[in-house]
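Please look over the metal site and the sheet in the model shown below, and read the notes that follow alongside it.

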Amino acid sequence: MHIHSCLSPCGDWEMSPKRIVQQSLEVGLDLIAICDHNTAENAGVAMCEGEKQGVHVLPGMEVCSKEEVHILALFEKLTQALEMQEYVYANLPGENNPDVFGCQVVANENDEVLGENPRLLIGATRLGLHGIVEKTHELGGLSLCSHVDRPAYGIINQLGFIPADLALDGVEVSRHVKLSDAHKTVTGLDKFCCITTSDAHFLDDIGKVWTVFQMAEPTIEEIRKSLLQQEGRRILV
Ligand SMILES: [Zn+2]
Ligand SMILES: [Zn+2]
């Protein structure tokens with residue numbers, strides 16, 4: 001649910017959409033989401049590759065809020081993710097310096113470089129958390145705070161707590177916390193359904209941890225039901 005491609009400045013050069021899908025298949029994942037920092041420009045190619053190779057790929061994004069909190073926005077359709085991207089780009093100041101932050105490569109299905117994104121994708125947007133959640137929902141997506149157990153860009157460390165009026169669909173714990181222990185290990189998660197993801201930046205990281213969803217099909221609606229434990233859908237821990 002949270003894999004970075006070579007478009008994230010911190011994502012490895014080898015994280016092309018094609019190779020991400022190949023690696024996911026190899027480690028036995030059947031549903032993944034491409035979530036680059038503040039962009040979804042490599043999601044479309046990954047979705048096509050997924051269709052060819054037999055891995056379901058959701059288009060997503062890891063947005064950095066003005067509070068410097070990372071939050072995942074997961075969508076069903078590419079058009080929804082691209083609309084979110086437009087909203088984020090309009091509120092993302094700065095230009096990338098590849099020597100300092102790394103290259104931001106848009107790739108095609110043949111692992112060729114189509115271009116580099118000039119924006120400061122690693123930066124914080126001018127968007128508040130509440131606005132990001134609201135926009136994600138308006139577009140039909142799911143909103144989950146990233147790596148809530150981590151000091152860097154995790155909501156609990158940044159704000160001290162998760163605001164009660166933040167309409168999150170769930171939270172993600174990093175691979176440093178066992179999903180089954182998450183509610184015991186991390187305080188303040190009582191009200192939230194947890195998932196775990198690799199937050200992979202390198203091919204070898206893909207599938208290091210995963211979440212099992214008990215659901216009928218790999219759609220946003222089914223994931224939503226799993227997070228809410230509705231109609232027999234659930235997260236297996
Ligand atoms: Zn993050
Ligand atoms: Zn990430």
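Predicted model: local features only at pLDDT ≥ 70, side-chain atom pairs only at ≥ 80, totals over all residues.

Residues are numbered from 1 along each chain as written, chains are lettered from A and ligands numbered from 1 in written order, and side-chain values use heavy atoms, without hydrogens and water.

**Zinc site**
- The protein donors (N, O and S atoms within 2.8 Å of the metal, or 3.2 Å for Na, K and Ca, with water not among the atoms, so sites may look incomplete) are His-2 (NE2), His-4 (NE2), Glu-62 (OE) and Asp-199 (OD), at 2.0 to 2.3 Å from the zinc ion (ligand 2).
- Glu-62 also coordinates the zinc ion (ligand 1), which lies 3.4 Å from the zinc ion (ligand 2).
- His-2 is buried at 0% relative accessibility, and His-4 is likewise buried at 0% (buried means under 20% relative accessible area, exposed over 50%, partly exposed in between, with a 1.4 Å probe and protein chains only).

**Sheet**
- Six strands form an open sheet of mixed pairing in the order β1-β2-β3-β6-β7-β8, where strands are DSSP runs of at least two E residues, numbered from the N terminus, and two strands pair if DSSP finds at least two bridges between them.
- The edge strands, each pairing on one side only, are β1 (31-37) and β8 (194-196).

Note on methods. Helix = DSSP H or I, 4+ residues; strand = E, 2+ residues; numbered from the N terminus.
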